[in-house]
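Try each task before you read its solution.

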Amino acid sequence: MDSKSFKETIENAGSILILSHVNPDGDTLGSMCALYQIIKNNFNLHADMVYNGIIPEIYNFLPGIDKAKKPSEIENKTYDLAIAVDIAAKDRMTDALPLFENAKVKMNIDHHKTNINYGDVNFVRGDACCAGEVLFDITKDNNLTIDKNTAIGLYTAFLTDTGGFRYENTTAVTLKKSAELIDCGANPSEISRYCYESKPRNMVLLHAHCMVNAKFENDNKIAYVLISNKDMEKFHAKNDYTEGIVEELRRMATTEVSFVLKEVDENTTKASLRSKSIDVSAVAGVFGGGGHTFAAGCTIRKPLNIAKDKMLDEIRKVLK
Ligand SMILES: [Mn+2]
């Protein structure tokens, strides 16, 4: 699908819903809020926004985020158009999935290479550093304006999905487009402070606890942390407080692969994986998950300790 169909698809819709993925991050939320502004400013149309789980407190600065609703708060059940942003697979919509399925037209804006183009209109580019970049390119191709509020959302997507412009997906193009967003009004130091220096105190303390109790295997090439519900209770942790721990483990010089396993219930464990070398999206794929080469996730239908053994087995199959 070429970008021109973006304009036509929006213009032909009387009601629009924008969807973000469960356990929302800076890319899905920044892109969702930016798209809300783009539709408002360029088409004079209103779009509803929906999220699942908890919006991390640090993202409360995003213009428009206060208008995002939970699926249960959405009154319109049949939208003309539903737009998924940064959603690798439909199951990442969880409770909002029926709203997407019921929509007359489904649009898919994403950058995950595992995305199977599940929409009627697909803007999926595995080479983009974030879903925000795909959206940025759509605005350029269609001569749409990017105001300050739009720029803040898009810049947040670029910043957070590149790990603060540090990951392998950071290119000259990434920085040029980010610079353009600064010209449009995004304030880089302010957004960095919101994203990286505004964590809840108990979140930082939970991270410290996890790092002290981290485990290491295969000459320290594998670093991992197990987080039980008891740990979460101890720090009065919200679900999103575990974000970032898996990256902290990868920060060590010796680490090739890191993972965090989080207890959901006695038979379900959530896994996040990061890597410097091996393809962890393939490892996550063994358990029905997916993601990117160096960042992936999955859910394992096993108790925490058994999930740990299975994960170590799979990683050792591919780690030299
Ligand atoms: Mn993303």
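**Exercise 1: two helices**

Helices α4 and α5 are oblique to each other. Keep in mind that this is a predicted model.

Task: work out why α4 and α5 count as oblique, and describe their contact.

Solution. Start with the axes: those of α4 (residues 131-141) and α5 (residues 148-161) come within 8 Å and cross at roughly 140°. Angles over 145 degrees would count as roughly antiparallel, and 65 to 115 as roughly perpendicular. The crossing of roughly 140° is therefore oblique. Next, the handedness: α4 passes α5 in a left-handed crossing. Finally, the residues: A131, G132, E133, L135 and F136 of α4 meet L154, A157 and F158 of α5. This set divides into 6 nonpolar, 1 polar and 1 charged.

**Exercise 2: a strand and its partners**

Task: find which strands pair with β8, and in which sense.

Solution. Begin with β7 (residues 222-227), which pairs with β8 in the parallel sense over 6 bridges. Here I227 has K262 of β8 as its bridge partner. Then turn to β9 (residues 268-275): its pairing with β8 is antiparallel, over 8 bridges, and K262 stands opposite K270. A hairpin through 2 residues joins β8 to β9. As for cover, 7 of the 9 residues of β8 (257-265) are buried.

**Exercise 3: a loop proline**

Task: decide whether P303 is buried, partly exposed or exposed.

Solution. First locate P303, in the loop between β11 (295-300) and α12 (304-318). Then count: P303 has 14 C-beta neighbours inside 10 Å, so P303 is partly exposed. Beyond its sequence neighbours, P303 touches E266, N267 and T269.

Terms used
Residues are numbered from 1 along each chain as its sequence is written. This is a predicted model: local features need pLDDT of at least 70, side-chain atom pairs count only at pLDDT 80 or more; totals for chains, interfaces and linings use all residues. Axes are lines fitted to C-alpha atoms, for helices over the stretch in contact, and angles run from 0 to 180 degrees between N-to-C directions. Helices (H or I, at least four residues) and strands (E, at least two) are DSSP runs, numbered from the N terminus. Angles under 35 degrees count as roughly parallel, over 145 as roughly antiparallel, 65 to 115 as roughly perpendicular and the rest as oblique. A crossing is left-handed if the near helix is turned anticlockwise from the far one by less than a right angle, and right-handed if clockwise. Two residues are in contact if their C-beta atoms, placed from the backbone, lie within 7 Å. Ala, Val, Leu, Ile, Met, Phe, Trp, Tyr, Cys and Pro count as nonpolar, Asp, Glu, Lys and Arg as charged, and the others, Gly among them, as polar. A residue is buried if 20 or more other C-beta atoms lie within 10 Å of its own, exposed if 12 or fewer, and partly exposed in between; C-beta atoms are placed from the backbone. Two strands pair if DSSP finds at least two bridges between them. Lists of a residue's contacts leave out its neighbours within four places in sequence.
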